[in-house]
Amino acid sequence: MVPTAYYLVLAAVLFSIGIAAFLIKRNVITIFISIELMLNAVNLTFVAFAHMWHQVSGQIFVFFVMVVAAAEAAVGLAIIISIFRTRKTLNVDEIDLMKS
Amino acid sequence: MNSSPENLLWYIPLLPFAGFLINGTLGRKLPRALVSAVALLCTALPAAIVAWLWVLMRADGAPDLIPATVSQPWIQITGLTVNFAFTVDHLTLIMLGVVTGVGFLIHIYSVGYMAHEEGYWRFFAYLNLFMFFMSVLVLADNFLLLFVGWEGVGLASYLLIGFYFRKSSAANAGKKAFVVNRIGDFGFLLAMFLLIVHFGTLNFTDIFAAIGQHPEWQGVRFLTAIALLLVLGAAGKSAQIPLYVWLPDAMEGPTPVSALIHAATMVTAGIYMVARCHTLFDRSPVALTVVACIGAATAIFAASIGMVQQDIKRVLAYSTISQLGYMFLACGVGAYAAGIFHLLTHAFFKALLFLAAGSVIHALSGEQDMRNMGGLWRRIPVTFWTMTMGVIAIAGIWPWAGFFSKDEILYQTFVSPNHVGKLLWFIGLLTAGMTSFYMFRLWFKTFFGEPRFEQVAVEHHGAPVHASSTTTLTMEADPDEDLVASAHGVHESPWIMLFPLVILAILSFVGGWVGVPAALGGHNEIEHFLEPVFGSASAAPAATSGHGLELALAAVSLLVALTGFYFAYVLYYKKPGTAAELAGRAKPAYTILANKYWVDEFYSNFLVIPLMMFSRGVLDFIVDRGLVNGSGRAAGFVTRGFAWATRSQISGNIRSYAGWLAIGAAAVLAVMIFGRSLLVHP
């Protein structure tokens with residue numbers, strides 16, 4: 001029986017790596033992957049707690065997160081492709097359309 | 001049921017209101033003939049209804065009061081119910097007769113007088129609006145509804161004074177009338193609040209019944225307070241000292257307006273109100289004395305100013321103020337019936353004088369200055385003869401209307417138990433002489449002597465054209481009309497204007513005969529007619545003192561009037577130069593009178609300018625611009641500063657946003673984890 005804390009520590013480590021990559025990396029696809037990493041870290045905590053409390057709701061929540069992540073991946077990739085087509089780059093520092 | 005008097009009452013105000021709505025909304029597009037037809041019909045029908053009511057109330061066994069027709073409760077709160085209710089008693093009937101009768105005649109006159117004016121429909125819409133509110137005022141059976149009419153006639157007066165609104169003097173005169181009347185209304189409102197506090201109702205009948213049930217309330221303080229506040233309101237509306245200053249300026253309006261609103265009807269609303277509340281005033285000797293003193297002071301004050309005015313309408317305006325002073329004086333000595341009698345006759349002859357003056361002005365194509373008139377009596381004979389009737393009537397020559405009513409007031413003042421009665425009588429007598437003097441002065445200067453108008457016109461304009469420097473002509477823009485008028489020169493007015501003059505002239509002659517006192521072989525019918533309202537208290541001293549005194553006083557006042565005539569005759573007809581010489585010899589007195597005692601200047605310097613300085617300096621500069629604007633600007637400034645501080649964060653760089661997001665999330669986490677422990681162990 002692996003203690004819950006181990007899962008939590010692993011999830012925290014994964015989440016921190018996700019945040020660090022999110023902040024450091026300039027490639028949009030890498031940032032995208034780091035978001036997935038964070039989401040899955042959260043998923044891991046959900047599952048860990050669900051196991052600990054013997055509750056199924058945490059696991060159900062994970063499905064929701066997965067569905068949202070899938071949808072997000074679809075939309076996000078579409079955006080990335082259209083950005084790449086127009087600006088010929090994937091560097092986020094060069095993508096500042098919002099700045100007037 | 002439909003023909004019962006109660007239901008017909010509603011039509012008296014509602015018909016003019018309908019006329020106002022029709023002419024006010026559609027009048028611009030309607031032909032002039034239709035506008036006049038609507039306006040005339042909507043005043044003629046109420047006049048007919050009033051005539052029918054008159055017959056009804058004169059019949060034997062008629063009730064003293066047509067009971068109030070009550071609508072649904074108008075205002076209903078705990079402890080106070082006010083109905084939208086009309087009632088008619090003998091006092092109201094006289095007022096209604098004046099309002100609808102004289103009002104109708106003046107409407108007819110206006111059709112001719114305003115024929116060439118721009119905004120014809122607007123004029124009649126306002127005039128009908130005035131008739132509506134004035135009927136509401138006199139028909140109301142409670143103070144609040146009276147106040148509605150009171151304010152409404154003020155509004156109509158404002159609109160009509162400022163009828164030539166492109167002239168700044170007219171617009172300012174309208175504003176002045178409105179603002180000065182507000183001061184009076186302030187008193188009226190406070191009086192109503194006190195009435196609600198002490199009586200819990202605003203209904204006339206209930207309040208007067210309550211006063212009747214408490215004989216111990218003689219001179220009690222709260223009744224005096226209410227009465228004095230009502231006097232303030234009445235002084236504003238009826239142009240008495242100290243609030244009379246708006247009436248001379250109100251002459252900026254078209255002349256029919258001056259006749260209807262500022263001579264015959266609206267300005268008498270104050271007298272009507274005092275007479276209506278006579279039960280209340282009778283309980284307060286202080287208030288009555290104040291009323292009498294205000295009246296007498298105003299009478300002589302305005303008459304003295306009227307003696308030196310050069311503008312024909314201003315002479316009549318000061319004369320109106322002076323005559324209103326007489327009515328106040330009558331109310332003040334408890335002779336309400338005499339006051340109402342004078343109100344009635346004054347409505348006839350003063351409306352006549354104003355309309356005739358309007359006819360003169362019309363004849364001279366807008367000239368109002370009497371220095372530029374003279375010798376007109378052959379040129380405009382009908383106007384001359386009708387105006388002569390009016391002048392004799394107001395001067396108080398037997399047996400014209402003014403003699404009887406004025407004499408009744410003077411007699412009642414003389415015999416009144418008031419300890420200043422004799423002094424007030426003397427002031428009134430002096431005023432009668434002055435009245436006679438300035439009216440005959442006007443008469444001689446206008447109709448006799450050398451014609452002075454053509455020379456002036458030639459000097460100033462090269463040809464006798466419409467003198468556009470004066471009131472009436474500024475809006476009259478039809479050039480063809482000018483040519484026609486100048487070709488004809490001085491012209492008599494059309495018959496539609498002369499007809500009302502003739503009717504009013506007849507009334508000015510015979511109108512006084514309803515009040516011939518017993519001493520002169522009459523029955524003083526008007527006093528008996530008003531007895532159900534005022535009681536027969538004022539008749540008591542007449543019975544005791546006999547007729548000798550009354551006859552002697554009448555002879556004295558007739559003598560004084562003739563003296564006034566004689567002075568005017570010598571100064572302005574026989575030796576025309578003497579007036580100027582006299583003015584030069586009594587320079588200080590003349591200067592004071594010509595400058596109207598500097599009352600306007602006094603008000604301007606000591607009230608208006610300090611008030612404006614306070615408004616500009618404190619209210620505008622400190623409160624409005626400082627506090628109100630300042631707080632708004634400060635809020636804006638703070639927001640902008642904050643925005644300026646955070647704007648640098650909006651870089652458009654996604655990673656910096658993400659960084660802020662992460663820092664924010666970390667901060668929230670930190671607060672959630674450590675915040676509690678910080679709170680628990682500070």
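**View 1. Chain B as a whole.** Of the 682 residues of chain B, 50% count as buried, where a residue is buried if 20 or more other C-beta atoms, placed from the backbone, lie within 10 Å of its own, exposed if 12 or fewer do, and partly exposed in between. This is a predicted model, in which local features need pLDDT of at least 70 and side-chain atom pairs count only at pLDDT 80 or more, while totals for chains, interfaces and linings use all residues. Residues are numbered from 1 along each chain as its sequence is written, and chains are lettered from A and ligands numbered from 1 in the order in which they are written. The C-alpha trace of chain B spans about 110 × 75 × 60 Å along its principal axes. Among the contacts in chain B with a separation of 6 or more, 79% are between residues 24 or more positions apart, two residues being in contact if their C-beta atoms, placed from the backbone, lie within 7 Å.

**View 2. The two assigned domains of chain B.** Domain 1 covers residues 5-594 and domain 2 covers residues 653-682 of chain B, with bounds that come from an automatic or database domain assignment. The C-alpha centres of domain 1 and domain 2 of chain B lie 83 Å apart.

View 3. B:R655 is found in helix α28 (residues 654-680) of chain B, and it touches A:L23, A:V92 and A:D93, not counting residues up to four places away in sequence. Because 16 other C-beta atoms lie within 10 Å, B:R655 is partly exposed. B:R655 and B:I300, which are 355 residues apart in sequence, are 92 Å apart in space from C-alpha to C-alpha.

**View 4. Helices α2 and α3 of chain A.** Helix α2 (residues 28-53) and helix α3 (residues 57-87) of chain A pack at an angle of about 175°, with their axes 9 Å apart; axes are lines fitted to C-alpha atoms, for helices over the stretch in contact, and angles run from 0 to 180 degrees between N-to-C directions. That angle makes α2(A) roughly antiparallel to α3(A), because angles over 145 degrees count as roughly antiparallel, under 35 as roughly parallel, 65 to 115 as roughly perpendicular and the rest as oblique. The residues that make the contact include A:F32, A:L39 and A:F46 of α2(A) and A:F61, A:V65 and A:I80 of α3(A). By class, this contact has 14 nonpolar, 4 polar and 1 charged residues.

**View 5. Helices α12 and α15 of chain B.** The axes of helix α12 (residues 269-276) and helix α15 (residues 312-332) of chain B come within 10 Å and cross at roughly 5°, which means that α12(B) is roughly parallel to α15(B). B:I271, B:V274 and B:A275 of α12(B) make the contact with B:L324, B:M327, B:F328 and B:C331 of α15(B). By class, the contact has 7 nonpolar, no polar and no charged residues.

**View 6. Helix α19 of chain B.** This helix (residues 421-447) has 27 residues and reaches 38 Å from its first C-alpha to its last, close to the 39 Å expected at 1.5 Å a residue, the expected span being 1.5 Å times one less than the number of residues. Because 22 of its 27 residues are buried, α19(B) is largely enclosed by the rest of the structure. Just after α19(B), B:G449 takes a positive phi of about 80°.

**View 7. The loop between α9 and α10 of chain B.** B:P242 lies in the loop between α9 (221-237) and α10 (246-249) of chain B, and a cis peptide bond with omega of about 5° joins B:I241 and B:P242. B:A239 is found in the loop between α9 and α10 of chain B and has a positive phi of about 55° although it is not a glycine. With 31 other C-beta atoms within 10 Å, B:A239 is buried.

Technical notes:
Helix = DSSP H or I, 4+ residues; strand = E, 2+ residues; numbered from the N terminus. Nonpolar A, V, L, I, M, F, W, Y, C, P; charged D, E, K, R; others polar.
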